[in-house]
Protein chains: 2
Amino acid sequence: MAKLKKIFTNILRLLALAATVVAIVFMVTSHDSAQVLNLTFTVKYSNTPVFKYFVIAEAIAGGYIVISILLSFKSLFWRLLVILDMVTTVLLTSSISAALAIAQVGKKGNTHAGWLPVCEQVPDFCDQVTIALIAGLAAAIIYFVLLLCSLYVVLSPIFVVTP
Amino acid sequence: MAKLKKIFTNILRLLALAATVVAIVFMVTSHDSAQVLNLTFTVKYSNTPVFKYFVIAEAIAGGYIVISILLSFKSLFWRLLVILDMVTTVLLTSSISAALAIAQVGKKGNTHAGWLPVCEQVPDFCDQVTIALIAGLAAAIIYFVLLLCSLYVVLSPIFVVTP
């Protein structure tokens with residue numbers, strides 16, 4: 001049972017790792033150019049500080065996931081693993097929430113602030129960012145489920161004595 | 001020791017609850033008007049979908065915190081409490097991250113996207129939103145610490161048997 005649980009959680013970790021890698025690759029390689037009044041503008045992810053934060057946070061989370069997979073083979077570290085799972089969940093949640101907030105403005109604009117939507121001008125950029133965000137969202141959801149599973153096992157009355 | 005821990009965690013919960021209330025009140029009451037070409041524009045939080053999400057998420061988190069405080073008096077529910085603490089942490093993290101992302105654009109703008117900063121035009125609005133965001137950030141940090149403490153107690157070898 002414990003072995004089956006370890007295999008299941010590690011499959012979830014590998015899926016989340018793959019999602020963070022996809023998110024980083026698609027975000028970092030996203031670029032497009034738009035022509036306004038005979039001037040060509042190039043758009044890339046690093047123009048937006050929040051997208052840079054997204055890439056850094058996904059990379060740190062990806063690093064934590066690799067450490068988690070390695071630690072999961074040593075049952076001694078199971079407590080550290082739950083803490084790492086929690087920190088990774090918070091990091092992934094923060095990065096995807098911030099990036100989605102900016103993407104919403106990029107897609108819809110905000111007429112009250114005078115911010116125009118940009119996706120019509122740079123569709124290729126927006127398409128790539130969308131894939132990166134879907135991958136980032138998938139990673140966050142997978143880790144939320146994983147943390148719930150970890151907590152369920154830790155809190156399960158079979159294993160613990162009520163404090 | 002268990003009683004002391006309960007008092008400490010409930011003080012943290014009350015502080016986080018106060019922070020979410022401050023965040024909601026300051027965000028909801030934030031408004032200002034700017035004059036552009038003899039036209040007066042009124043700015044309020046509900047013009048920005050992400051700020052509406054912030055208010056809703058802080059309200060739900062605040063509700064969870066109230067439920068957590070009530071549940072903490074029944075030791076039967078301590079498992080549910082850890083799960084609730086986790087969900088609240090994720091909610092608070094998501095709402096503050098998204099709101100900070102938009103606030104950054106409001107303050108600094110984004111020249112690449114053609115989005116101008118708006119805080120110089122509506123300083124009162126920005127000041128109130130800043131207070132709301134500081135309160136939201138405080139709530140998220142308090143809950144992160146609280147969840148770490150909860151997990152530490154749950155994972156402590158005094159209380160649990162290694163699975």
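Reply: Happy to! The side chains of B:Arg13 and B:Asp85 meet in a salt bridge, with N and O 2.8 Å apart; the term stands for a side-chain nitrogen of Lys or Arg within 4 Å of a carboxyl oxygen of Asp or Glu. This pair links distant parts of the chain, as B:Arg13 lies in helix H1 (residues 2-28) of chain B and B:Asp85 in helix H3 of chain B, 72 residues apart. Helices here are DSSP runs (H or I, at least four residues), numbered from the N terminus. Both B:Arg13 and B:Asp85 are buried, that is, under 20% relative accessible area with a 1.4 Å probe, counting protein chains only.

A word on the source: this is a predicted model, where local features need pLDDT of at least 70 and side-chain atom pairs count only at pLDDT 80 or more, while totals for chains, interfaces and linings use all residues. Residues are numbered from 1 along each chain as its sequence is written, chains are lettered from A and ligands numbered from 1 in the order in which they are written, and side-chain values use heavy atoms, leaving out hydrogens and water.

In chain A, A:Arg13 forms a salt bridge with A:Asp85, the closest N and O atoms being 2.8 Å apart. Here A:Arg13 sits in helix H1 of chain A and A:Asp85 in helix H3 of chain A, 72 residues apart. A:Arg13 and A:Asp85 are buried. Over all chains, the search finds two salt bridges.

Methods
Helices (H or I, at least four residues) and strands (E, at least two) are DSSP runs, numbered from the N terminus. Buried means under 20% relative accessible area, exposed over 50%, partly exposed in between (1.4 Å probe, protein chains only).
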